[in-house]
Amino acid sequence: MTELSGKAGSGIAMAGVTKQYGDHRVLDAIDLDVRGGERVALIGPSGSGKTTVLRCIARLEAIESGSIRIEGHEIARMADARSGKASAEVAAAMRGVGMVFQQYNLFPNMTVLDNLTIAPVKVLGVDKAEARERAAGLLDLVGLGAKADAYPARLSGGQQQRVAIARSLAMQPSVLLFDEVTSALDPELVGEVLEVIRGVAAQSDVTMLIVTHEMQFARDIGDRVVFMEGGSVVEQGPPEKVLADPENERTQRFLRRLLNH
Amino acid sequence: MNEVVLRSILDGVVVTAEVVTLAILVAAPLALTVALARVSRFKLVRGAALVYVEFLRGTSALVQLFWVYFVLPELGFAISAFVAGFVVLGVNASAYAAEVIRGAILAVPRPQLEAAGVLGLSTTTTMSRVVLPQAWPVMLPALGNVAIDVLKASALVSLITVSDFTREVTRWATTGVIDVTLAFSLLLVGYLLLSVPITWGGHLLEKRSRRHLSTFGEG
(Lines give C-alpha, C1' and ligand atoms only; values in the text may rest on other atoms or scores of the structure.)
Protein backbone atom coordinates (compact mmCIF):
# COMPACT_ATOMS: atom_id res chain seq x y z
CA MET A 1 0.00 0.00 0.00
CA THR A 2 1.73 3.15 -1.14
CA GLU A 3 -0.52 5.64 0.66
CA LEU A 4 0.17 4.14 4.04
CA SER A 5 3.75 4.05 5.08
CA GLY A 6 2.90 3.16 8.64
CA LYS A 7 6.13 2.92 10.51
CA ALA A 8 5.99 0.77 13.58
CA GLY A 9 7.89 2.56 16.31
CA SER A 10 8.08 1.90 19.99
CA GLY A 11 4.55 3.24 20.49
CA ILE A 12 3.15 5.05 23.50
CA ALA A 13 4.31 4.78 27.11
CA MET A 14 2.35 6.55 29.84
CA ALA A 15 3.62 6.22 33.38
CA GLY A 16 2.06 7.59 36.55
CA VAL A 17 0.07 10.24 34.70
CA THR A 18 -2.15 12.35 36.90
CA LYS A 19 -4.51 14.94 35.49
CA GLN A 20 -6.79 17.13 37.58
CA TYR A 21 -9.57 19.56 36.78
CA GLY A 22 -9.63 21.58 39.98
CA ASP A 23 -10.29 19.09 42.77
CA HIS A 24 -11.45 16.38 40.39
CA ARG A 25 -8.77 13.84 39.54
CA VAL A 26 -9.55 12.66 35.99
CA LEU A 27 -6.44 10.51 35.61
CA ASP A 28 -5.07 8.93 38.74
CA ALA A 29 -1.42 7.94 38.30
CA ILE A 30 -2.37 5.89 35.24
CA ASP A 31 0.10 3.58 33.50
CA LEU A 32 -0.62 2.60 29.93
CA ASP A 33 1.70 1.19 27.31
CA VAL A 34 0.89 0.64 23.64
CA ARG A 35 3.59 -1.20 21.76
CA GLY A 36 4.62 -0.06 18.29
CA GLY A 37 2.10 -1.38 15.77
CA GLU A 38 -0.29 -2.57 18.45
CA ARG A 39 -4.04 -1.81 18.31
CA VAL A 40 -5.52 -1.10 21.69
CA ALA A 41 -9.20 -0.46 22.32
CA LEU A 42 -9.84 1.72 25.35
CA ILE A 43 -13.25 1.17 26.92
CA GLY A 44 -15.00 2.26 30.07
CA PRO A 45 -17.97 4.22 31.39
CA SER A 46 -18.29 7.92 30.55
CA GLY A 47 -16.21 10.03 32.86
CA SER A 48 -13.66 7.25 33.32
CA GLY A 49 -10.94 9.35 31.68
CA LYS A 50 -10.61 7.54 28.32
CA THR A 51 -10.83 10.66 26.19
CA THR A 52 -8.55 12.52 28.59
CA VAL A 53 -5.89 9.85 28.03
CA LEU A 54 -5.96 10.59 24.29
CA ARG A 55 -6.03 14.35 24.83
CA CYS A 56 -2.99 14.18 27.11
CA ILE A 57 -1.08 12.09 24.55
CA ALA A 58 -2.04 14.64 21.87
CA ARG A 59 -0.84 17.46 24.18
CA LEU A 60 -4.28 19.04 24.17
CA GLU A 61 -4.24 18.80 27.96
CA ALA A 62 -1.50 19.50 30.47
CA ILE A 63 -0.84 16.93 33.19
CA GLU A 64 0.04 17.45 36.83
CA SER A 65 2.59 14.65 37.06
CA GLY A 66 3.87 11.58 35.26
CA SER A 67 5.53 10.85 31.95
CA ILE A 68 4.24 10.32 28.41
CA ARG A 69 6.62 9.01 25.78
CA ILE A 70 6.01 8.71 22.05
CA GLU A 71 8.54 6.54 20.24
CA GLY A 72 10.80 7.07 23.24
CA HIS A 73 10.53 10.87 23.33
CA GLU A 74 9.09 12.54 26.40
CA ILE A 75 6.25 14.76 25.14
CA ALA A 76 3.96 15.37 28.13
CA ARG A 77 2.72 18.91 28.54
CA MET A 78 3.22 19.72 32.20
CA ALA A 79 0.72 21.95 34.00
CA ASP A 80 3.51 23.81 35.79
CA ALA A 81 5.50 24.47 32.60
CA ARG A 82 6.07 28.15 31.87
CA SER A 83 4.78 27.83 28.32
CA GLY A 84 2.33 25.46 26.67
CA LYS A 85 4.35 25.70 23.48
CA ALA A 86 6.22 22.58 22.41
CA SER A 87 9.99 22.60 22.08
CA ALA A 88 11.40 21.71 18.65
CA GLU A 89 12.14 18.14 19.83
CA VAL A 90 8.64 17.65 21.19
CA ALA A 91 7.08 19.17 18.06
CA ALA A 92 9.11 16.75 15.93
CA ALA A 93 7.94 13.77 18.00
CA MET A 94 4.33 14.98 17.82
CA ARG A 95 4.46 15.05 14.04
CA GLY A 96 4.15 11.28 14.24
CA VAL A 97 0.92 11.50 16.25
CA GLY A 98 -2.44 11.83 14.51
CA MET A 99 -5.83 12.18 16.12
CA VAL A 100 -9.36 11.67 14.84
CA PHE A 101 -12.03 13.50 16.81
CA GLN A 102 -15.60 12.62 17.70
CA GLN A 103 -16.86 15.73 15.87
CA TYR A 104 -14.49 15.28 12.87
CA ASN A 105 -13.23 18.90 13.20
CA LEU A 106 -12.54 19.30 9.51
CA PHE A 107 -11.73 22.86 8.47
CA PRO A 108 -15.05 24.05 6.95
CA ASN A 109 -13.40 26.87 5.00
CA MET A 110 -11.30 24.48 2.91
CA THR A 111 -12.08 21.85 0.33
CA VAL A 112 -11.61 18.23 1.27
CA LEU A 113 -8.33 18.17 -0.67
CA ASP A 114 -7.01 21.29 1.08
CA ASN A 115 -7.92 19.75 4.43
CA LEU A 116 -5.59 16.89 3.53
CA THR A 117 -2.72 18.88 2.05
CA ILE A 118 -2.38 21.85 4.40
CA ALA A 119 -0.41 20.05 7.12
CA PRO A 120 1.94 18.05 4.85
CA VAL A 121 2.72 21.22 2.87
CA LYS A 122 3.01 23.64 5.79
CA VAL A 123 4.48 21.34 8.44
CA LEU A 124 6.46 18.69 6.56
CA GLY A 125 7.37 20.94 3.63
CA VAL A 126 6.05 18.45 1.11
CA ASP A 127 5.81 19.77 -2.43
CA LYS A 128 2.26 20.91 -3.24
CA ALA A 129 1.76 18.69 -6.27
CA GLU A 130 3.09 15.68 -4.41
CA ALA A 131 0.85 16.42 -1.42
CA ARG A 132 -2.19 16.61 -3.71
CA GLU A 133 -1.30 13.33 -5.34
CA ARG A 134 -0.88 11.62 -1.99
CA ALA A 135 -4.12 13.18 -0.74
CA ALA A 136 -5.98 11.87 -3.78
CA GLY A 137 -4.65 8.39 -3.02
CA LEU A 138 -5.79 8.63 0.59
CA LEU A 139 -9.24 9.82 -0.49
CA ASP A 140 -9.49 6.77 -2.73
CA LEU A 141 -8.49 4.64 0.23
CA VAL A 142 -11.41 5.98 2.31
CA GLY A 143 -13.72 5.73 -0.70
CA LEU A 144 -14.09 9.48 -1.28
CA GLY A 145 -11.93 10.07 -4.33
CA ALA A 146 -14.81 11.90 -5.99
CA LYS A 147 -15.19 14.41 -3.15
CA ALA A 148 -11.76 16.07 -3.36
CA ASP A 149 -13.19 19.46 -4.36
CA ALA A 150 -16.24 19.37 -2.11
CA TYR A 151 -16.50 21.45 1.05
CA PRO A 152 -17.07 19.57 4.33
CA ALA A 153 -20.54 21.05 4.86
CA ARG A 154 -21.70 19.15 1.78
CA LEU A 155 -20.67 15.76 3.16
CA SER A 156 -22.52 13.42 5.48
CA GLY A 157 -21.14 12.85 8.97
CA GLY A 158 -19.74 9.49 7.93
CA GLN A 159 -18.02 11.02 4.90
CA GLN A 160 -16.62 13.84 7.00
CA GLN A 161 -15.21 11.38 9.48
CA ARG A 162 -13.61 9.35 6.69
CA VAL A 163 -12.02 12.55 5.38
CA ALA A 164 -10.79 13.28 8.91
CA ILE A 165 -9.15 9.84 9.01
CA ALA A 166 -7.53 10.50 5.64
CA ARG A 167 -6.36 13.90 6.90
CA SER A 168 -4.63 12.32 9.86
CA LEU A 169 -3.03 9.70 7.58
CA ALA A 170 -1.70 12.43 5.29
CA MET A 171 0.86 13.26 7.97
CA GLN A 172 2.16 9.67 7.82
CA PRO A 173 1.75 9.15 11.54
CA SER A 174 3.23 6.27 13.48
CA VAL A 175 0.59 6.68 16.20
CA LEU A 176 -3.12 7.29 15.62
CA LEU A 177 -5.57 8.24 18.34
CA PHE A 178 -9.29 7.68 17.75
CA ASP A 179 -11.62 9.53 20.11
CA GLU A 180 -15.10 7.97 19.98
CA VAL A 181 -15.08 8.56 16.24
CA THR A 182 -18.51 7.04 15.63
CA SER A 183 -20.36 8.53 18.61
CA ALA A 184 -21.62 11.58 16.71
CA LEU A 185 -22.81 9.55 13.72
CA ASP A 186 -26.26 8.33 12.79
CA PRO A 187 -26.35 4.57 13.34
CA GLU A 188 -26.45 3.75 9.63
CA LEU A 189 -23.20 5.67 9.05
CA VAL A 190 -21.18 3.95 11.78
CA GLY A 191 -20.34 0.93 9.65
CA GLU A 192 -18.59 2.80 6.82
CA VAL A 193 -16.28 4.59 9.27
CA LEU A 194 -15.37 1.43 11.18
CA GLU A 195 -14.73 -0.28 7.85
CA VAL A 196 -12.22 2.43 6.92
CA ILE A 197 -10.41 2.07 10.25
CA ARG A 198 -10.29 -1.70 9.79
CA GLY A 199 -8.81 -1.13 6.33
CA VAL A 200 -6.13 1.21 7.66
CA ALA A 201 -5.31 -1.28 10.40
CA ALA A 202 -5.00 -4.11 7.89
CA GLN A 203 -2.80 -2.15 5.49
CA SER A 204 -0.35 -0.44 7.83
CA ASP A 205 1.68 -0.86 10.98
CA VAL A 206 0.33 2.28 12.61
CA THR A 207 0.03 2.10 16.37
CA MET A 208 -3.62 2.70 17.28
CA LEU A 209 -5.22 3.71 20.53
CA ILE A 210 -8.96 3.64 20.04
CA VAL A 211 -11.53 4.96 22.49
CA THR A 212 -14.85 3.38 21.55
CA HIS A 213 -18.28 2.37 22.74
CA GLU A 214 -18.61 -0.20 19.96
CA MET A 215 -17.77 -3.43 21.76
CA GLN A 216 -17.90 -5.58 18.64
CA PHE A 217 -15.46 -3.21 16.96
CA ALA A 218 -13.20 -3.22 20.02
CA ARG A 219 -13.17 -7.00 19.86
CA ASP A 220 -12.45 -7.11 16.12
CA ILE A 221 -9.74 -4.52 15.91
CA GLY A 222 -8.04 -4.71 19.27
CA ASP A 223 -4.93 -6.75 19.89
CA ARG A 224 -5.77 -5.80 23.44
CA VAL A 225 -8.68 -4.22 25.27
CA VAL A 226 -8.08 -1.87 28.18
CA PHE A 227 -10.92 -1.20 30.61
CA MET A 228 -10.69 2.08 32.51
CA GLU A 229 -12.67 3.42 35.42
CA GLY A 230 -12.08 6.31 37.80
CA GLY A 231 -9.00 7.51 35.97
CA SER A 232 -6.98 4.32 36.03
CA VAL A 233 -6.73 1.00 34.26
CA VAL A 234 -8.89 -1.63 35.93
CA GLU A 235 -8.32 -4.58 33.65
CA GLN A 236 -6.63 -5.31 30.35
CA GLY A 237 -5.92 -8.25 28.14
CA PRO A 238 -6.91 -10.00 24.91
CA PRO A 239 -10.35 -8.87 23.69
CA GLU A 240 -11.95 -12.29 23.96
CA LYS A 241 -10.81 -12.50 27.59
CA VAL A 242 -11.67 -8.98 28.78
CA LEU A 243 -14.95 -8.68 26.89
CA ALA A 244 -16.26 -12.22 27.28
CA ASP A 245 -14.81 -13.38 30.55
CA PRO A 246 -13.60 -10.41 32.61
CA GLU A 247 -11.98 -11.05 35.96
CA ASN A 248 -12.57 -7.73 37.62
CA GLU A 249 -15.97 -7.15 39.16
CA ARG A 250 -16.11 -3.57 37.85
CA THR A 251 -15.46 -4.71 34.29
CA GLN A 252 -18.21 -7.29 34.65
CA ARG A 253 -20.63 -4.66 35.90
CA PHE A 254 -19.79 -2.31 33.01
CA LEU A 255 -20.27 -4.98 30.35
CA ARG A 256 -23.47 -6.25 31.95
CA ARG A 257 -24.90 -2.74 31.88
CA LEU A 258 -24.00 -2.43 28.19
CA LEU A 259 -25.72 -5.70 27.34
CA ASN A 260 -28.91 -4.79 29.19
CA HIS A 261 -28.95 -1.41 27.53
CA MET B 1 -29.88 76.16 -7.01
CA ASN B 2 -27.32 77.46 -9.43
CA GLU B 3 -24.52 75.52 -11.03
CA VAL B 4 -21.77 76.89 -8.78
CA VAL B 5 -23.62 75.73 -5.69
CA LEU B 6 -24.41 72.34 -7.14
CA ARG B 7 -20.83 71.85 -8.29
CA SER B 8 -19.38 72.72 -4.87
CA ILE B 9 -21.80 70.35 -3.15
CA LEU B 10 -20.91 67.51 -5.52
CA ASP B 11 -17.23 68.24 -4.88
CA GLY B 12 -18.05 67.97 -1.18
CA VAL B 13 -19.63 64.57 -1.74
CA VAL B 14 -16.48 63.41 -3.50
CA VAL B 15 -14.31 64.67 -0.62
CA THR B 16 -16.53 62.83 1.88
CA ALA B 17 -16.24 59.64 -0.17
CA GLU B 18 -12.46 60.07 -0.28
CA VAL B 19 -12.16 60.71 3.45
CA VAL B 20 -14.27 57.65 4.24
CA THR B 21 -12.42 55.38 1.81
CA LEU B 22 -8.99 56.48 3.04
CA ALA B 23 -10.11 56.20 6.68
CA ILE B 24 -11.23 52.61 6.09
CA LEU B 25 -7.91 51.85 4.37
CA VAL B 26 -6.10 53.23 7.42
CA ALA B 27 -8.37 51.36 9.82
CA ALA B 28 -8.23 47.88 8.23
CA PRO B 29 -4.56 46.96 8.77
CA LEU B 30 -4.48 48.69 12.17
CA ALA B 31 -7.60 46.87 13.32
CA LEU B 32 -6.27 43.47 12.24
CA THR B 33 -2.92 44.09 13.92
CA VAL B 34 -4.51 45.30 17.15
CA ALA B 35 -7.01 42.40 17.17
CA LEU B 36 -4.17 39.88 16.77
CA ALA B 37 -2.27 41.68 19.53
CA ARG B 38 -5.36 41.43 21.76
CA VAL B 39 -5.29 37.62 21.51
CA SER B 40 -1.49 37.33 21.71
CA ARG B 41 0.21 34.81 23.99
CA PHE B 42 2.30 37.65 25.39
CA LYS B 43 0.83 39.65 28.22
CA LEU B 44 2.71 42.83 27.35
CA VAL B 45 1.40 42.78 23.76
CA ARG B 46 -2.15 42.15 24.95
CA GLY B 47 -1.83 44.99 27.47
CA ALA B 48 -0.55 47.47 24.90
CA ALA B 49 -3.39 46.61 22.52
CA LEU B 50 -5.94 47.01 25.30
CA VAL B 51 -4.59 50.47 26.16
CA TYR B 52 -4.81 51.44 22.46
CA VAL B 53 -8.44 50.32 22.22
CA GLU B 54 -9.60 51.82 25.50
CA PHE B 55 -7.82 55.13 24.88
CA LEU B 56 -9.42 55.60 21.48
CA ARG B 57 -12.86 54.46 22.57
CA GLY B 58 -12.73 56.55 25.72
CA THR B 59 -11.86 59.88 24.07
CA SER B 60 -14.19 61.45 21.54
CA ALA B 61 -13.37 61.38 17.85
CA LEU B 62 -14.04 65.12 17.64
CA VAL B 63 -11.55 65.90 20.42
CA GLN B 64 -9.00 63.58 18.78
CA LEU B 65 -9.52 65.42 15.52
CA PHE B 66 -9.08 68.84 17.14
CA TRP B 67 -6.03 67.62 19.02
CA VAL B 68 -4.30 66.34 15.91
CA TYR B 69 -5.23 69.35 13.80
CA PHE B 70 -4.66 72.13 16.34
CA VAL B 71 -2.16 70.73 18.86
CA LEU B 72 0.23 68.75 16.65
CA PRO B 73 1.30 71.89 14.70
CA GLU B 74 2.10 73.54 18.05
CA LEU B 75 4.46 70.62 18.68
CA GLY B 76 6.07 71.11 15.28
CA PHE B 77 4.11 68.58 13.22
CA ALA B 78 2.08 70.47 10.66
CA ILE B 79 -0.61 68.33 9.09
CA SER B 80 -3.20 69.17 6.46
CA ALA B 81 -6.84 69.15 7.48
CA PHE B 82 -7.63 66.47 4.92
CA VAL B 83 -4.89 64.10 6.14
CA ALA B 84 -5.71 64.78 9.78
CA GLY B 85 -9.34 64.03 8.95
CA PHE B 86 -8.98 60.62 7.41
CA VAL B 87 -6.13 59.50 9.66
CA VAL B 88 -8.01 60.34 12.87
CA LEU B 89 -11.25 58.80 11.61
CA GLY B 90 -9.34 55.67 10.54
CA VAL B 91 -7.38 55.29 13.77
CA ASN B 92 -10.53 55.89 15.78
CA ALA B 93 -12.50 53.29 13.82
CA SER B 94 -9.64 50.79 14.10
CA ALA B 95 -10.24 50.53 17.85
CA TYR B 96 -13.86 49.52 17.35
CA ALA B 97 -13.05 47.25 14.42
CA ALA B 98 -10.26 45.57 16.40
CA GLU B 99 -12.77 44.57 19.07
CA VAL B 100 -15.12 43.22 16.40
CA ILE B 101 -12.32 41.15 14.84
CA ARG B 102 -11.17 39.94 18.24
CA GLY B 103 -14.70 38.80 19.08
CA ALA B 104 -14.96 36.93 15.79
CA ILE B 105 -11.58 35.25 16.35
CA LEU B 106 -12.69 34.09 19.79
CA ALA B 107 -15.95 32.78 18.29
CA VAL B 108 -14.12 30.19 16.18
CA PRO B 109 -14.82 26.86 17.93
CA ARG B 110 -11.97 25.59 20.09
CA PRO B 111 -11.95 22.12 18.43
CA GLN B 112 -10.81 23.82 15.23
CA LEU B 113 -7.71 25.00 17.07
CA GLU B 114 -7.21 21.55 18.52
CA ALA B 115 -7.40 19.94 15.09
CA ALA B 116 -4.86 22.46 13.79
CA GLY B 117 -2.65 21.83 16.82
CA VAL B 118 -2.68 18.05 16.41
CA LEU B 119 -1.75 18.47 12.74
CA GLY B 120 1.23 20.52 13.90
CA LEU B 121 0.21 23.75 12.16
CA SER B 122 2.11 26.78 13.44
CA THR B 123 0.33 29.63 15.20
CA THR B 124 0.70 31.78 12.09
CA THR B 125 -0.69 29.13 9.72
CA THR B 126 -3.52 28.34 12.12
CA MET B 127 -4.45 32.01 12.31
CA SER B 128 -4.18 32.79 8.60
CA ARG B 129 -5.60 29.57 7.14
CA VAL B 130 -8.02 28.29 9.78
CA VAL B 131 -9.09 30.98 12.25
CA LEU B 132 -9.33 34.18 10.21
CA PRO B 133 -11.16 32.61 7.23
CA GLN B 134 -13.76 31.26 9.65
CA ALA B 135 -13.91 34.49 11.67
CA TRP B 136 -14.40 36.56 8.50
CA PRO B 137 -18.13 35.88 7.93
CA VAL B 138 -18.73 36.35 11.65
CA MET B 139 -17.07 39.77 11.77
CA LEU B 140 -18.52 41.17 8.52
CA PRO B 141 -21.91 42.46 9.73
CA ALA B 142 -20.35 44.32 12.65
CA LEU B 143 -17.53 45.63 10.46
CA GLY B 144 -20.20 47.00 8.12
CA ASN B 145 -21.59 48.93 11.07
CA VAL B 146 -18.16 50.35 11.84
CA ALA B 147 -17.79 51.43 8.19
CA ILE B 148 -21.14 53.21 8.31
CA ASP B 149 -20.10 54.88 11.56
CA VAL B 150 -17.00 56.16 9.75
CA LEU B 151 -19.23 57.68 7.09
CA LYS B 152 -21.41 59.40 9.65
CA ALA B 153 -18.45 60.54 11.76
CA SER B 154 -16.79 61.92 8.63
CA ALA B 155 -19.03 65.01 8.93
CA LEU B 156 -16.76 66.00 11.83
CA VAL B 157 -13.95 66.84 9.40
CA SER B 158 -16.03 69.84 8.29
CA LEU B 159 -15.17 71.35 11.68
CA ILE B 160 -11.45 71.38 10.86
CA THR B 161 -12.02 73.15 7.51
CA VAL B 162 -12.17 70.12 5.21
CA SER B 163 -14.57 70.96 2.37
CA ASP B 164 -16.64 67.82 2.66
CA PHE B 165 -20.33 67.32 1.90
CA THR B 166 -21.46 68.76 5.26
CA ARG B 167 -19.21 71.82 5.06
CA GLU B 168 -20.21 72.71 1.52
CA VAL B 169 -23.94 72.39 2.18
CA THR B 170 -23.86 74.30 5.45
CA ARG B 171 -21.67 76.97 3.87
CA TRP B 172 -24.39 77.78 1.33
CA ALA B 173 -27.11 77.51 3.94
CA THR B 174 -25.48 79.88 6.43
CA THR B 175 -24.83 82.45 3.73
CA GLY B 176 -28.48 82.28 2.74
CA VAL B 177 -27.87 81.02 -0.76
CA ILE B 178 -29.94 77.90 -0.18
CA ASP B 179 -32.84 77.36 2.14
CA VAL B 180 -32.00 75.79 5.55
CA THR B 181 -34.72 73.16 5.25
CA LEU B 182 -33.48 72.16 1.84
CA ALA B 183 -29.86 72.15 3.03
CA PHE B 184 -30.33 69.82 5.97
CA SER B 185 -32.79 67.59 4.13
CA LEU B 186 -30.19 67.29 1.41
CA LEU B 187 -27.60 66.23 3.99
CA LEU B 188 -29.99 63.71 5.51
CA VAL B 189 -30.76 62.05 2.21
CA GLY B 190 -27.21 62.45 0.94
CA TYR B 191 -25.62 60.51 3.80
CA LEU B 192 -28.30 57.85 3.53
CA LEU B 193 -27.49 57.40 -0.16
CA LEU B 194 -23.76 57.30 0.59
CA SER B 195 -24.35 54.52 3.12
CA VAL B 196 -26.13 52.36 0.56
CA PRO B 197 -22.99 51.09 -1.23
CA ILE B 198 -21.40 50.27 2.12
CA THR B 199 -24.42 48.27 3.27
CA TRP B 200 -24.77 46.63 -0.12
CA GLY B 201 -21.07 45.77 -0.33
CA GLY B 202 -21.20 44.33 3.17
CA HIS B 203 -24.11 42.07 2.30
CA LEU B 204 -22.39 40.92 -0.85
CA LEU B 205 -19.17 40.07 0.98
CA GLU B 206 -21.11 38.31 3.70
CA LYS B 207 -23.03 36.17 1.27
CA ARG B 208 -19.84 35.29 -0.58
CA SER B 209 -18.00 34.46 2.62
CA ARG B 210 -20.64 32.00 3.73
CA ARG B 211 -21.12 30.13 0.50
CA HIS B 212 -19.06 27.07 1.51
CA LEU B 213 -20.23 26.91 5.08
CA SER B 214 -23.79 25.82 4.59
CA THR B 215 -25.20 22.48 3.54
CA PHE B 216 -27.39 24.05 0.88
CA GLY B 217 -27.03 26.82 -1.67
CA GLU B 218 -24.50 27.41 -4.38
CA GLY B 219 -21.54 25.06 -4.24
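The lining of the second largest pocket has 22 nonpolar, four polar and no charged residues; here Ala, Val, Leu, Ile, Met, Phe, Trp, Tyr, Cys and Pro count as nonpolar, Asp, Glu, Lys and Arg as charged, and the others, Gly among them, as polar. This is a predicted model, in which local features need pLDDT of at least 70 and side-chain atom pairs count only at pLDDT 80 or more, while totals for chains, interfaces and linings use all residues. Residues are numbered from 1 along each chain as its sequence is written, chains are lettered from A in the order in which they are written, and side-chain values use heavy atoms, with hydrogens and water left out.

This second pocket has a volume of about 590 Å³. Among its 26 lining residues, I24(B), L143(B), G144(B), A147(B) and I198(B) lie nearest the centre. Two or more lining residues come from each of α1, α4, α6 and α8 (180–209) of chain B, and α6(B) gives the most, with nine.

## The largest pocket

Now to the largest pocket, with a volume of about 1,500 Å³. It is lined by 41 residues, and nearest its centre are L113(B), G117(B), L121(B), T123(B) and T126(B). Both chains take part: α2 (88–94) of chain A gives two or more residues, as do α1 (3–38), α4 (81–107), α5 (110–118) and α6 (123–153) of chain B.

Once again α6(B) gives the most, here with seven residues. By class, this lining has 23 nonpolar, 11 polar and seven charged residues.

## Where the chains meet

How many residues of chain B are in contact with chain A? There are 24, touching 23 residues of chain A, where contact means heavy atoms within 4.5 Å. The two chains bury about 2,100 Å² between them, 61% of it on carbon and sulfur atoms; buried area is the accessible area (1.4 Å probe) lost on putting two parts together, summed over both. V118(B), L119(B) and R129(B) supply 31% of the area that chain B buries against chain A, more than any other three residues.

One salt bridge is counted between the chains, a term for a side-chain nitrogen of Lys or Arg within 4 Å of a carboxyl oxygen of Asp or Glu. E114(B) forms a salt bridge with R55(A), their closest N and O atoms being 2.6 Å apart. On the side of chain B that touches chain A, α5 and α6 of chain B are the elements giving two or more residues. The residues of that side divide into 10 nonpolar, 10 polar and four charged.

Note on methods:
On a 1 Å grid over the protein atoms alone, a cavity is a set of points where a 1.4 Å probe fits but cannot get out, and a pocket is an open set with protein on both sides within 12 Å along at least five of seven lines; lining residues have an atom within 4 Å of a point. Grid points are joined across faces, edges and corners, and a volume is the space filled by probe spheres set on the points. Helices (H or I, at least four residues) and strands (E, at least two) are DSSP runs, numbered from the N terminus.
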